[in-house]
Amino acid sequence: MADTADTRTPAQIEADIRRRRAVLAETLDEIGVRVHPKTIVGDAKAKVVANVDHTLGRAYVRVNRVVSDVKVRFVDEEGAPRLERVVPAALLVVGVVGLLTVTARRRKG
């Protein structure tokens with residue numbers, strides 16, 4: 001059997017106890033900060049902000065992709081408008097706006 005006798009002096013034992021108390025106090029302080037309501041709310045806010053930023057980033061990429069796709073459809077490689085596509089689209093927009101205007105006037109009258 002191994003000898004498990006403590007060979008430390010009383011001063012060494014007291015110093016060890018002081019070190020352990022200091023470490024324990026620091027650990028308890030950290031736990032107190034982590035479970036404090038302000039910390040919990042702050043962490044929750046940070047997560048929400050991160051999620052919103054991520055969602056907005058993805059939305060920006062999607063919108064940018066859609067704009068690029070539309071641009072490819074209505075502008076040629078040199079940057080000139082493709083009239084064979086722009087004119088029908090413009091006529092469609094004018095028709096829809098006109099239809100909405102007529103419908104709105106009929107509802108008022």
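A residue counts as buried when its relative accessible area is under 20%, and as exposed when that area is over 50%. This cut-off is used below for a predicted model.

The chain has 3 helices and 0 strands, and from the N terminus on its elements run α-α-α. The radius of gyration is 36 Å, well over the 13 Å that the globule rule gives for 109 residues, so the chain is more spread out than a compact globule. Along the principal axes, the C-alpha atoms fill a box of roughly 100 × 45 × 25 Å. Of the 109 residues, 2% count as buried.

Some values for the whole chain follow.

| Item | Value |
|---|---|
| Accessible surface of the chain | about 10100 Å² |
| Part of that surface belonging to carbon and sulfur atoms | 64% |
| Distance between the mean positions of the 20 positive and 14 negative charges | 15 Å |

Helix α1 covers residues 10-35, which is 26 residues. From its first C-alpha to its last, α1 reaches 37 Å, close to the 38 Å expected at 1.5 Å a residue. The number of buried residues in α1 is 1, so this helix lies largely in the open.

Arg82 lies in the loop between α2 (37-74) and α3 (83-108). Its relative accessibility is 19%, and because the limit for buried is under 20%, Arg82 counts as buried. Leaving aside residues up to four places away in sequence, Arg82 touches Val72, Arg73, Phe74, Val75, Asp76 and Glu77.

Methods: Residues are numbered from 1 along each chain as its sequence is written. This is a predicted model: local features need pLDDT of at least 70, side-chain atom pairs count only at pLDDT 80 or more; totals for chains, interfaces and linings use all residues. Side-chain values use heavy atoms; hydrogens and water are left out. Helices (H or I, at least four residues) and strands (E, at least two) are DSSP runs, numbered from the N terminus. The radius of gyration is taken over C-alpha atoms; the globule rule is 2.2 Å times the number of residues to the power 0.38. Buried means under 20% relative accessible area, exposed over 50%, partly exposed in between (1.4 Å probe, protein chains only). Accessible areas come from the Shrake-Rupley method with a 1.4 Å probe; for residues, only the protein chains shown count as cover. Lys and Arg count as positive and Asp and Glu as negative; His and the chain ends are not counted. The place of a charge is taken as NZ of Lys, CZ of Arg, CG of Asp or CD of Glu. The expected span of a helix is 1.5 Å times one less than its number of residues. Contact means heavy atoms within 4.5 Å.
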